[in-house]
Amino acid sequence: VFQYLQLKMATPVIRVVKPDAPANHRQAVLMATKEARYYRKKRMVFPKPPQELLNLATALAHAEKLLRAEGIPAPSRQLCLGKLVVPFGQFENAPFHWLVANDVGYMK
């Protein structure tokens, strides 16, 4: 069974903007996790994923295959999309679910 990349999910970091403002005027901002900041600072790269995850025609089917190999008998489309990888940028080859958990602000 092929395992592409098993990453531990992070706990989101939320920062309150203008904490001294009245409660109804405060805003919360999701911050990058320590892991995401470390990847960015060290310019680390994620391992190259299987070619099937980089090909538009085969990516979803391969993501479903990976999830089934992890013991999920009927993966949803949302789970399959989370297995896809980001093909560009500072988090190149990162699984989408990792990016959402670790640096959601990067996707803005």
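Which side chains meet in a salt bridge at 2.1 Å, N to O? Select Asp-103 and Arg-40: their side chains form that bridge. A salt bridge here is a side-chain nitrogen of Lys or Arg within 4 Å of a carboxyl oxygen of Asp or Glu.

**Before moving on.** This is a predicted model, in which local features need pLDDT of at least 70, side-chain atom pairs count only at pLDDT 80 or more, and totals for chains, interfaces and linings use all residues. Residues are numbered from 1 along each chain as its sequence is written, and side-chain values use heavy atoms, with hydrogens and water left out.

**Stop 1: the salt bridges**

The structure holds 3 salt bridges. Stay with Asp-103 and Arg-40, which are 63 residues apart and link distant parts of the chain. Arg-40 sits in helix H1 (residues 34-42), and Asp-103 in the segment after helix H5 (96-102). Helices (H or I, at least four residues) and strands (E, at least two) are DSSP runs, numbered from the N terminus.

Now colour by accessibility. Buried means under 20% relative accessible area, exposed over 50%, and partly exposed in between (1.4 Å probe, protein chains only). Asp-103 counts as buried because its relative accessibility is 5%. Arg-40, at 35%, counts as partly exposed.

Next, select Arg-68 and Glu-64. Their closest N and O atoms are 2.6 Å apart, in a salt bridge. Both are in helix H3 (residues 59-69); they are 4 residues apart, so about one helical turn separates them. Arg-68 is partly exposed at 43%. Glu-64 is partly exposed too, at 28%.

Then take Lys-83 and Glu-70, whose side chains meet in a salt bridge (2.6 Å, N to O). This pair also links distant parts of the chain, 13 residues apart. Lys-83 belongs to helix H4 (residues 77-83), while Glu-70 lies in the loop between H3 and H4. Which of the two counts as buried, at 9% relative accessibility? That is Lys-83. Glu-70 is partly exposed at 37%.

**Stop 2: around helix H3**

Show H3 and pick out its buried residues: Ala-59, His-62, Ala-63, Leu-66 and Leu-67. Why do they lie on the same side of H3? They cover an arc of only 140° around the axis, and that puts them on one side. The arc is that of the directions from the helix axis to the C-beta atoms. These buried residues pack against helix H2 (51-54) and H4.

Turn the helix over. The face away from the buried side carries the exposed residues Ala-61 and Lys-65.

Zoom in on His-62, in helix H3. His-62 is buried, with a relative accessible area of 10%. Leaving aside neighbours within four places in sequence, His-62 is in contact (heavy atoms within 4.5 Å) with Pro-50, Glu-52 and Leu-53.

Step just past the end of the helix to Gly-71, which takes a positive phi of about 100°.

**Stop 3: the nonpolar cores**

A nonpolar core is a set of buried Ala, Val, Leu, Ile, Met, Phe, Trp, Tyr and Cys residues joined through side-chain atoms within 4.5 Å. Select the largest one, with 9 residues: Ala-32, Ala-36, Tyr-39, Phe-46, Val-86, Phe-91, Ala-94, Trp-98 and Leu-99. H1 and H5 each supply at least two residues of this core. A second, separate core has 8 residues, including Leu-53, Ala-59, Ala-63 and Val-85.

Return to Val-86, listed in the largest core. Beyond its neighbours within four places in sequence, Val-86 is in contact with Phe-91, Glu-92, Asn-93, Ala-94, Phe-96 and Leu-99.

**Stop 4: a surface patch**

Switch to a surface view and select Phe-96, Val-100 and Met-107. They make a nonpolar surface patch of about 230 Å². Patches are made of residues with over 30% relative accessible area and no salt bridge; like charges are joined within 9 Å, and nonpolar side chains (Val, Leu, Ile, Met, Phe, Trp, Tyr) within 5 Å. Accessible areas come from the Shrake-Rupley method with a 1.4 Å probe; for residues, only the protein chains shown count as cover. Phe-96 is in helix H5 and is partly exposed, at 36%.

**Stop 5: strand S2**

Finish at Ala-28, in strand S2 (residues 27-31). Is Ala-28 buried or exposed? At 58% relative accessibility, Ala-28 counts as exposed. Leaving aside neighbours within four places in sequence, Ala-28 is in contact with Ile-14, Arg-15 and Val-16.
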